Amino acid sequence: MSLKYESQLREPLVYGNKTYHQVTEDIVRPIEAKPTKLWYIGFFISVSLLMFGVYSVYREVVYGVGEWNLNKTVGWGWDITNFVWWVGIGHAGTLISAILLLFRQGWRTGVNRAAEAMTIFAVMCAGQFPVFHMGRVWMAFFVFPYPNTRGPLWVNFNSPLLWDVFAISTYFTVSLLFWYSGLLPDFATVRDRAKTKLRKLLYGIASFGWTGSTKHWQRHESLSLVLAGLSTPLVLSVHTIVSFDFATSVIPGWHTTIFPPYFVAGAIFSGFAMVQSLMVVIRKVFGLKDYITIGHIEAMNKVIVLTGSIVGIAYLTELFMGWYSQSKYEGYTFWYSRANLFSPYGWSYWGMMACNVLSPQIFWSRKMRRNVFVTFFMSVLVNVGMWFERFVIIVTSIYRDYLPSSWSVYYSPSIWEIGFYLGTFGLFFTCFFLFAKYFPTIAIAEIKYVLKTTGESYKDKMEGIENENVEDFAHKHAH
Amino acid sequence: MAKKKFVVGCFDNEDVLFSAVKKVRTAGYKIKDVYTPYPIHGLDHALGMRETSLHTAGFVYGILGTITALSGISWIFVKDWPLDIGGKPHFALAAWIPIIFELTVLFSAVGMVLTFCYLCQMAPFVKKHHFHARATDDLFVMAIECTDVTNTNDTEAFLTNNGAVEVKTEIAEDGWWFGRYDKEEMFFESKNAVA
């Protein structure tokens, strides 16, 4: 335990000379305090957006998909763009909690709880779009294979759209289980220090009677590790399968083999950007700067510049292949419909390029990576850019068909299409505001676990060890 | 479900706890459990617990998912309702890999979490006796089970000598019961026949 050696060169993950009790106090404080005025304002705005979304969806359900400006050529417009956008955002949480756990990245402890919550809410938002795109939403259960009276007529297991159903529902379930199993000990912490009866009751129910028994911790550790191991290929599979929706088709601009890695990189890119937007606000509002440190922000910015550059290479590869394939349809899609700024949707391609490829390069500078304002601004820019990316992929590939007679007029969304999108923002932030108020936003037990090896005061004690020579260190500390 | 007598010692430092666990065990006391606010690596071995087999269960559930998906899809597409999709083979294994993978993960994850809850006896509305409220905050709480011959005063003194910051003797319910955390009631009080 105390044998784990952490170099002085690494920054502490927890600032301030915290004791275990202080960690509990700091993280539980927002739950026990009354919500601030700012919280009420934010919550009210979110719920209003959600209501507008509900009305937009209501119109779509009653009057049909005709409420949206989709047409025969552009069948996937804003709706599927938003779906892919939200699913992409929903990748960061599991990446942080699972892949970084396997890679033994200590800094994940500060941000994993909120990032996982964000993942779950983002996937909830994403799920709305394909479901309501079906039109007759009351028949949505047809996507599940069950013995039915229609034959039985089964679903098509060879279709990427069905793979999507399985991938996203599995992803949602597993993320939820992973998140909740991590929450159990922290709910118990809130329960055991609760002053009011209601809080004792509710957190008592939510904590499933957790005691902190050593045997339970042993099983809990095993469970987290295996769930992390399962989630790692899962998170990569989900966006791979989403990219198959496009890549297995024969539409120029869609049927490219680089889609799976390109989509996964893009998903991590946009997911980390969303985590940044939320973390920068949370650490300020809840006073958690000792736990979500500048070091955390910098680490995430490094991931952003890496994945942004991967995405950039994918864009350039596509352009190259558009020319190198000598397929005139491919060439038309990539070099006219996208890269030509003066084509009808050229603005969206260059918007995407500017936001996703050029602007993140600012993070090569350490000073910029550690600047909170730059980080927040960039995180918003990246998500705008990633929305453009999905819009570019979907709309610019299909608005001009093989047959010029079926070329679409300029597609722009109706107010109810936009309303649906705004509504999912409402859903996302309503959930997130509730989470921030009623859930421990940082994994308390996990912070305590890393505190003695990477907390500030413990790091200072290491200075003596740092100066020892290797022989002495081994002699003293190994058995 | 039984009412038992425990001597409880609370520690506030992991290193002290480890040496205390060693001494308490060599002295022949039976440690019921140590309650800690976070997982302490090596404590399970110090207490003489065996490794958990939860991950093996996870593997079995995963295999079960693979078999379910593979057998289900192949029965449906080859036997029950063979669809002619461009004259391609009915047994299209490559196209089923995504769903087979997803179901493997789903079965494994759900099965493991349910098994975890079953083994640890955890569910909504389940209540257990907590020896110290700070066991989920900053104290490491050791509960020693008393036998007929245990002298509680000696045991308490022994724990104090080994670094416990707080000691007490408690009679408590050993298992779990359905209850609410806002109510103080104990399992054995409502059913006083159990002793």
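Helices here are DSSP runs of H or I with at least four residues, numbered from the N terminus. This is a predicted model, so local features need pLDDT of at least 70 and side-chain atom pairs count only at pLDDT 80 or more, while totals for chains, interfaces and linings use all residues. Residues are numbered from 1 along each chain as its sequence is written, and chains are lettered from A and ligands numbered from 1 in the order in which they are written.

**View 1. Ser406(A) sits in a loop between two helices.** Find Ser406(A) in the loop that links H14 to helix H15 (415-438) of chain A. Ser406(A) counts as exposed because it has 11 C-beta neighbours inside 10 Å; the cut-offs are 12 or fewer other C-beta atoms within 10 Å for exposed, 20 or more for buried, and partly exposed in between, with C-beta atoms placed from the backbone. Leaving out residues up to four places away in sequence, Ser406(A) touches Lys72(A), Thr73(A) and Asp401(A). Being in contact means that the C-beta atoms, placed from the backbone, lie within 7 Å. Thr73(A) is 333 residues from Ser406(A) along the chain, yet their C-alpha atoms are separated by 6.7 Å.

**View 2. Helix H14 of chain A bends at Val392(A).** This helix covers residues 372-398, and its 27 residues reach 39 Å from first C-alpha to last, close to the 39 Å expected. The expected span is 1.5 Å times one less than the number of residues. At Val392(A), H14(A) bends by about 30°, the bend being the angle between axes fitted to the seven residues ending there and the seven starting there. H14(A) is mostly covered, with 19 of its 27 residues buried.

**View 3. H1(A) bends at Asp26(A).** Here 13 residues reach 18 Å from first C-alpha to last, close to the 18 Å expected. The bend at Asp26(A) is about 30°, and Pro30(A), a proline, follows within four residues. Both Asp26(A) and Pro30(A) are buried, and other buried residues of H1(A) include Tyr20(A) and Ile27(A).

**View 4. Chain A meets chain B.** The contact takes 55 residues from chain A and 60 residues from chain B. Among the elements of chain A that give two or more residues to this side are helix H1 (20-32) and helix H8 (214-247). H8(A) gives the most, with 16 residues.

**View 5. Chain B has two assigned domains.** Domain 1 (3-48 + 124-190) and domain 2 (56-119) come from the domain assignment of chain B, whose bounds are from an automatic or database assignment. Their centres, taken over C-alpha atoms, are 44 Å apart.

Definitions and conventions: Two residues are in contact if their C-beta atoms, placed from the backbone, lie within 7 Å.
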